Structure formats: C-alpha cells, structure tokens
Amino acid sequence: MKKGLKWVWLVVVLIALVGLFLLPGGAKETVNVAGEFDLTPILKLPSIGPVDLSINKAVIYLWIATAVIVIMAIVIARNLKPVPGRFQAAVEGLYSLARDGIARSVMKSGVDTWFPYIGAVFFFVLINNLIGLIPLPLGEHHQLSFYTATANLYVTITLALFTFVFTHYAGINKYGVRKYVGSWMPSGAPPVLKQFIFVIHAVSEFFRLVSLSVRLFANMVAGHAILAVFFAMALIFQSYLIAAALQGASVLIYLFEIFVAVIQAFIFAILSAVYIGGALDSEH
Amino acid sequence: MNPHAYAELGAGLAMGLGAIGPGIGLGILIGKALESIARQPEVAGDIRTNMFIGIGVTEAVALYAFVVALILVFVAK
C-alpha cells in the first residue's frame with residue numbers, strides 16, 4: 001500500500017509538470033527592471049531654489065523606517081523588564097551587537113562619545129534595508145513594488161558624509177588641526193616624501209567616502225535587481241513550468257537578501273567605527 | 001552594429017571581468033579566516049569581525065565594476 005502510494009505521487013507530479021509545460025503562458029507583458037528604481041514624485045511640491053521638495057517613494061520608505069525605529073525605541077524603553085520578552089530580547093541583542101560587536105571591538109578610545117552615532121547608523125541602515133524587502137503599494141499605478149531607500153545614491157552619500165564629517169571632527173577635536181593633519185604624514189621623512197604621502201592620504205580619505213556610499217548603494221541595487229529579474233523571468237519565458245521553478249529560486253534569493261541587508265548594515269557601522277577610531281588614535 | 005550595443009557588451013564584460021579579482025580575493029580571505037579560526041577557536045570573534053571588514057573592502061571592488069556596468073547601460077546612451 002505504502003509503495004503503491006509513492007508511485008501515485010510520482011505520476012501526479014509528472015502529469016503536473018507536463019501540464020505546466022504544455023499550458024500556454026499568460027498575457028504578454030513588457031518587463032522593465034530598471035523602471036523599479038525610477039523615482040517619480042507621488043506628491044508634487046514646489047521646489048525651493050535647487051532643492052526639490054517633491055515626495056517620492058524613497059522619501060516614504062525613509063519616513064517609515066524612521067517611524068519604526070522611533071516607535072520601537074519608545075515602546076522598548078517605556079516598559080523595560082528585568083526578564084526580557086521576545087521583542088525586548090531581539091532589540092537588546094541588536095543593541096549589544098552594535099555596542100560590543102562593533103563599537104567596543106574596533107575603537108580603542110572614545111567608545112562612550114561615539115557609540116550613539118555608530119548605533120544610530122547601524123539601526124537606521126538595518127531597518128531601512130529590511131523594510132526595503134517588504135513590497136509596498138508605491139509603484140507607478142499603486143501596484144505593490146520593491147524599493148529600498150538605501151538603493152538610492154543620495155541617501156547613502158548622505159550617510160557616508162556623516163561618517164566623513166564626524167571622522168575629521170573627532171580627530172580635530174582631540175588633537176587640533178595642525179597636529180591632526182600632521183599625523184597624516186610620517187614624522188621622520190624628507191619633505192618631498194612627506195608632501196607626496198600627504199596627497200595620497202588625502203585622496204584615500206576622499207575615496208573612503210566614495211567606497212562607503214557606493215558599497216551600500218550597489219549592494220542594495222544589485223539585490224533588488226536580481227529579485228526583480230527572478231520575478232520577471234516568469235513573464236519573459238511565458239511558461240508556467242519555469243514560473244513554478246523560479247518561485248523556489250526567488251524565495252532562496254529573498255532569504256539571501258535578508259542576510260545581505262544585515263551584513264551591509266553591520267559593515268557600514270563597523271567601517272564608520274574603524275574610521276572614527278582611526279582618527280582618534282592617529283598619533284604616531 | 002548599433003552603437004548602443006557596444007555599451008551593453010561593455011557592461012557585460014565589465015561586470016564579468018570585474019568579478020574575477022574580488023572573487024579570488026574573497027576566496028583567499030574567507031579561506032584564511034576559517035583556517036585561523038580552526039587553529040585558534042578562542043579568538044574566533046575577533047577574526048570574524050576583521051574578516052567582515054575585509055569582505056566589505058574587497059567586495060567594493062566588484063561593486064565599482066557593477067556601477068560602471070549600470071552607467072554603461074542606463075546613462076551612456
């Protein structure tokens with residue numbers, strides 16, 4: 001009986017596969033993956049000078065992420081329990097990851113001063129990346145669509161500029177301008193070599209800004225483009241068999257994207273901590 | 001050939017060739033990190049943190065190629 005049942009299942013699966021293969025595809029639709037990243041204003045507002053105040057989906061995703069973080073922090077802080085519940089334990093785990101795993105493990109001094117920034121940027125990037133994996137009805141015709149605010153170069157450059165400014169503020173605040181800029185050059189070198197190394201260091205400081213912002217941006221764009229391509233491939237191939245197979249694959253890619261979202265937030269925060277810590281301990 | 005076709009060909013080449021180096025680098029990096037964790041499990045936390053920093057820095061190289069590919073396809077028309 002058991003063995004017979006197995007055969008029946010195999011036949012059913014085979015018939016289903018053949019049926020899926022033979023079924024004609026759905027209506028033809030054009031797919032434009034790059035259109036997922038277009039920012040058409042949802043609410044048009046007048047612009048003040050060069051600043052366009054229109055509200056598009058990136059702005060709405062940023063608002064939602066900010067609201068989630070603020071509400072989460074208030075709810076947790078209002079009723080802290082000595083024995084944490086599930087929600088409190090999760091947030092406490094993330095908090096101690098940001099404090100012990102990121103700030104304390106790479107910064108030698110100034111952890112107490114700079115942990116608020118490191119923790120804030122970690123939570124902001126993390127919540128933004130994770131909310132970007134939830135489809136919201138913000139598409140062109142209010143259909144559900146994926147987008148994340150961190151898949152926008154302006155958002156990531158703003159975040160990287162915070163780290164850039166705070167790095168040099170921390171260094172100048174601790175050592176003064178002369179000593180801080182002087183620490184970019186080796187002390188015992190001839191003057192020509194000193195100037196050369198100074199230029200190299202200045203360029204590398206600028207490229208930190210570029211790499212910090214482009215890394216987060218490109219990771220998020222790549223992840224969302226791959227998800228969009230996998231969802232769209234069912235439309236491209238016009239076959240239910242491929243569509244069914246791709247559903248499994250897109251679930252796996254989606255799970256991988258959750259991992260990437262957490263890792264990118266971690267890397268952004270830890271590199272911010274490394275840069276600020278490096279400026280604080282820059283005395284040779 | 002349509003001039004835009006060269007841009008798309010270049011985008012594919014940029015992404016494919018640009019992924020070779022970081023791929024090798026990430027393989028070496030993670031392999032060495034796992035090796036040292038296996039030798040000294042007591043410092044696994046430190047090694048893992050530094051490994052992630054290295055991954056972030058190495059991976060950025062591939063992402064520059066990705067950005068160049070995006071520019072070639074969508075901007076340089």
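## Where the chains touch

Leaving aside its neighbours within four places in sequence, B:Val67 is in contact with A:Val214 and A:Ala218. This is a predicted model. B:Val67 belongs to helix 3 of chain B, which covers residues 44-75. How exposed is B:Val67? It counts as partly exposed, because 18 C-beta neighbours lie inside 10 Å; a buried residue would need 20 or more. B:Gly23 sits 44 residues away from B:Val67 along the chain, and 17 Å separates their C-alpha atoms.

## Chain B

Chain B has three helices and zero strands. Its pattern along the sequence is α-α-α. What does its radius of gyration say about its shape? The value is 18 Å, well over the 11 Å that the globule rule gives for 77 residues, so chain B is more spread out than a compact globule. Along the principal axes, its C-alpha trace spans about 60 × 15 × 10 Å.

Of the 77 residues in chain B, 14% are buried. Now take the contacts in chain B between residues at least 6 apart in sequence. Of these, 82% join residues at least 24 apart.

## A residue in helix 2 of chain B

B:Ile20 lies in helix 2 of chain B, which covers residues 20-39. Is B:Ile20 buried or exposed? It is exposed, because 11 other C-beta atoms lie within 10 Å, and the cut-off for an exposed residue is 12 or fewer. B:Ala5 is 15 residues from B:Ile20 along the chain. The C-alpha atoms of these two residues are separated by 23 Å.

## Chain A

Chain A contains eight helices and zero strands. Read along the sequence, its pattern is α-α-α-α-α-α-α-α. The radius of gyration of chain A is 25 Å, whereas a compact globule of 284 residues would have one near 19 Å. A box of roughly 85 × 50 × 45 Å, taken along the principal axes, holds its C-alpha atoms.

Buried residues account for 25% of the 284 residues in chain A. Among its contacts between residues at least 6 apart in sequence, 67% join residues at least 24 apart.

## Helix packing in chain A

Two packed helices are described by the angle between their axes and the distance between the axes. In chain A, helix 3 (residues 86-106) packs against helix 8 (residues 240-280) at an angle of about 30°, with the axes 8 Å apart. That angle makes helix 3 of chain A roughly parallel to helix 8 of chain A, because angles under 35 degrees count as roughly parallel. The crossing of these two helices is right-handed. On the helix 3 side, A:Ala98, A:Ile102, A:Ala103 and A:Val106 take part. They meet A:Ala269, A:Ile270, A:Ala273, A:Val274 and A:Gly277 in helix 8 of chain A. Eight residues of this contact are nonpolar, one is polar and none is charged.

Helix 8 of chain A also packs against helix 7 of chain A (residues 191-237). Their axes come within 10 Å and cross at roughly 175°. Helix 7 of chain A is therefore roughly antiparallel to helix 8 of chain A. The contact of helix 7 with helix 8 in chain A has 19 nonpolar, four polar and two charged residues.

Key
Residues are numbered from 1 along each chain as its sequence is written. Chains are lettered from A and ligands numbered from 1 in the order in which they are written. This is a predicted model: local features need pLDDT of at least 70, side-chain atom pairs count only at pLDDT 80 or more; totals for chains, interfaces and linings use all residues. Helices (H or I, at least four residues) and strands (E, at least two) are DSSP runs, numbered from the N terminus. Axes are lines fitted to C-alpha atoms, for helices over the stretch in contact, and angles run from 0 to 180 degrees between N-to-C directions. Angles under 35 degrees count as roughly parallel, over 145 as roughly antiparallel, 65 to 115 as roughly perpendicular and the rest as oblique. A crossing is left-handed if the near helix is turned anticlockwise from the far one by less than a right angle, and right-handed if clockwise. Two residues are in contact if their C-beta atoms, placed from the backbone, lie within 7 Å. Ala, Val, Leu, Ile, Met, Phe, Trp, Tyr, Cys and Pro count as nonpolar, Asp, Glu, Lys and Arg as charged, and the others, Gly among them, as polar. The radius of gyration is taken over C-alpha atoms; the globule rule is 2.2 Å times the number of residues to the power 0.38.
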